[in-house]
Amino acid sequence: MERIPILRMGNLLLVTIQVDMHDRLALTLQDDLTTQIERHAAKGVLLDISSLDVVDSFIGRIIANLSRMARILDARTVVVGMRPAVAITLVELGLSLQGVETALDVERGMRLLRRPPTPEPLRADYQD
């Protein structure tokens with residue numbers, strides 16, 4: 001069974017997608033990544049998509065879902081290496097990557113993960 005390697009770097013996980021992403025592989029990555037976050041109590045995930053030329057709506061949703069699942073498991077996700085064509089496609093598809101942090105490259109993404117997270121603004125119903 002084809003799998004995408006997940007490398008551990010301290011309390012961070014590095015996922016570099018080097019193959020064509022198809023639906024079954026994306027779902028396997030989703031399962032493997034959530035398992036690894038829990039197993040290693042990871043605090044951050046760096047998802048490198050620089051080798052992806054195209055992203056369809058399913059893969060876009062998987063990226064957003066990975067970030068949300070990681071957040072629930074107390075880990076931040078930074079997506080790096082997004083090509084302009086992929087960004088354009090995601091916007092044209094109307095996909096909201098809400099909560100997904102992005103950086104241009106791995107180095108900037110790692111710096112972002114090592115910074116303390118910025119607190120989320122209080123919602124109106126929680127303010128005085």
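1. How much of the accessible surface of the protein chain belongs to carbon and sulfur atoms? The share is 53%, out of a total of about 8,000 Å² (areas by the Shrake-Rupley method with a 1.4 Å probe; for residues, only the protein chains shown count as cover).

2. A quick word on the basis: this is a predicted model, where local features need pLDDT of at least 70, side-chain atom pairs count only at pLDDT 80 or more, and totals for chains, interfaces and linings use all residues. Residues are numbered from 1 along each chain as its sequence is written, and side-chain values use heavy atoms, leaving out hydrogens and water.

3. On the fold, the protein chain has four helices and five strands, in the order β-β-α-β-α-β-α-β-α from the N terminus (DSSP runs numbered from the N terminus: helices are H or I with at least four residues, strands E with at least two).

4. Of the protein chain's contacts with a separation of 6 or more, 73% are between residues 24 or more positions apart (a contact means heavy atoms within 4.5 Å).

5. Q30 counts as buried because its relative accessibility is 12%. Leaving aside residues up to four places away in sequence, Q30 touches I62, N65, L66 and M69.

6. For overall dimensions, the C-alpha trace of the protein chain spans about 50 × 35 × 25 Å along its principal axes.

How values were computed: Buried < 20%, exposed > 50% of the residue type's maximum accessible area, 1.4 Å probe, protein only.
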